[in-house]
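Me: I would like to learn how to read a structure, one feature at a time. Could you walk me through this one?

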Amino acid sequence: MTDYLTALLGIFLSEENQLLIMFASSFLSATILPGNSEVVFTTYATQALLQKNTVYGLFIVATLGNALGSMTTYFIAQFFPQPKFHDQQHKSVKLALTLSQKYGIWILLFSWLPIVGDLFCGIAGWLRFNLWKSMLLITFGKGIRYALLLWSIYLVVG
């Protein structure tokens, strides 16, 4: 049993698999499926910094995976009919709809926020925001998330 657990941990901690695992985690975290890309990113970035390795590849893979996951949400939302906005009951949905209507496509800069960030991406697809502008702003917003995480790790690890 110990050998099995050691081998399983070895898969997640080996440098060869880290970028693949980071991409999968960040992609899934940005869709409706559960994921914890922040935990994976923090673990791998801390390990890299303690070993004096660069984290640029990890940052890029996490950002692109998370942005592609959000674009998946964007595309899935286009299949749903547009509801009447006043019929929405959930507070988070009402807030996201109101902010999306007020600020338009620029709200996607905040796609990195917990809970409402994924809603912003879905609403952008729902409201048929411009695809290329949405992709650019979502990617920039997701980069902000990982840059803030990386900055906080640098403060701790030094």
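**Reading contacts and helix packing**

Reply: Let's begin with one residue and its surroundings. Leaving aside neighbours within four places in sequence, Asn66 is in contact with Ser26, Phe27, Ser29, Ala30, Ser37, Lys142, Arg145 and Tyr146. Keep in mind that this is a predicted model.

Me: Where is Asn66 placed? And why does Asn66 count as buried?

Reply: Asn66 sits in helix α4, residues 56–77. Asn66 counts as buried because its relative accessibility is 0%, and the cut-off for buried is under 20%.

Me: Thanks. How are two packed helices described?

Reply: By two values: the angle between their axes and the distance between the axes. Take helix α2 (residues 15–29) and α4: they pack at an angle of about 30°, with axes 7 Å apart. Angles under 35 degrees count as roughly parallel, so α2 is roughly parallel to α4. Their crossing is right-handed.

Me: Which residues of α2 and α4 make that contact?

Reply: From α2 come Leu19, Met22, Phe23, Ser26, Phe27 and Ser29. From α4 come Gly57, Leu58, Val61, Ala62, Leu64, Gly65, Asn66, Leu68, Gly69 and Thr72. Sorted by class, this contact has nine nonpolar, seven polar and no charged residues.

Me: Now the other pair. Is α3 roughly parallel or antiparallel to α4?

Reply: Use the angle again. The axes of helix α3 (residues 37–50) and α4 come within 11 Å and cross at roughly 170°. Angles over 145 degrees count as roughly antiparallel, so α3 is roughly antiparallel to α4. Ser37, Phe41, Tyr44 and Ala45 of α3 meet Leu58, Phe59, Ala62 and Asn66 of α4. The residues of this contact divide into six nonpolar, two polar and no charged.

Me: Which residues does the UniProt annotation "transmembrane region" cover?

Reply: According to the unreviewed UniProt entry, they are residues 20–44, 56–77, 103–127 and 134–157. Residues 56–77 are 100% helix and 0% strand, and their end C-alpha atoms lie 32 Å apart. Over residues 103–127, the chain is 48% helix and 0% strand, with end C-alpha atoms 13 Å apart.

Me: And the chain as a whole: how many helices and strands does it have?

Reply: The protein chain has seven helices and zero strands. Of its 158 residues, 39% count as buried. For contacts between residues at least 6 apart in sequence, 74% join residues at least 24 apart.

Conventions. Residues numbered from 1 in each chain as written. Predicted model: local features only at pLDDT ≥ 70, side-chain atom pairs only at ≥ 80, totals over all residues. Heavy atoms only, no water. Helix = DSSP H or I, 4+ residues; strand = E, 2+ residues; numbered from the N terminus. Buried < 20%, exposed > 50% of the residue type's maximum accessible area, 1.4 Å probe, protein only. Contact = heavy atoms within 4.5 Å. Axes fitted to C-alpha atoms, helices over the stretch in contact; angles between N-to-C directions. Parallel < 35°, antiparallel > 145°, perpendicular 65-115°, else oblique. Left-handed = near helix turned anticlockwise from the far one by under 90°. Nonpolar A, V, L, I, M, F, W, Y, C, P; charged D, E, K, R; others polar. UniProt positions renumbered as here; feature names shortened; annotations may be inferred.
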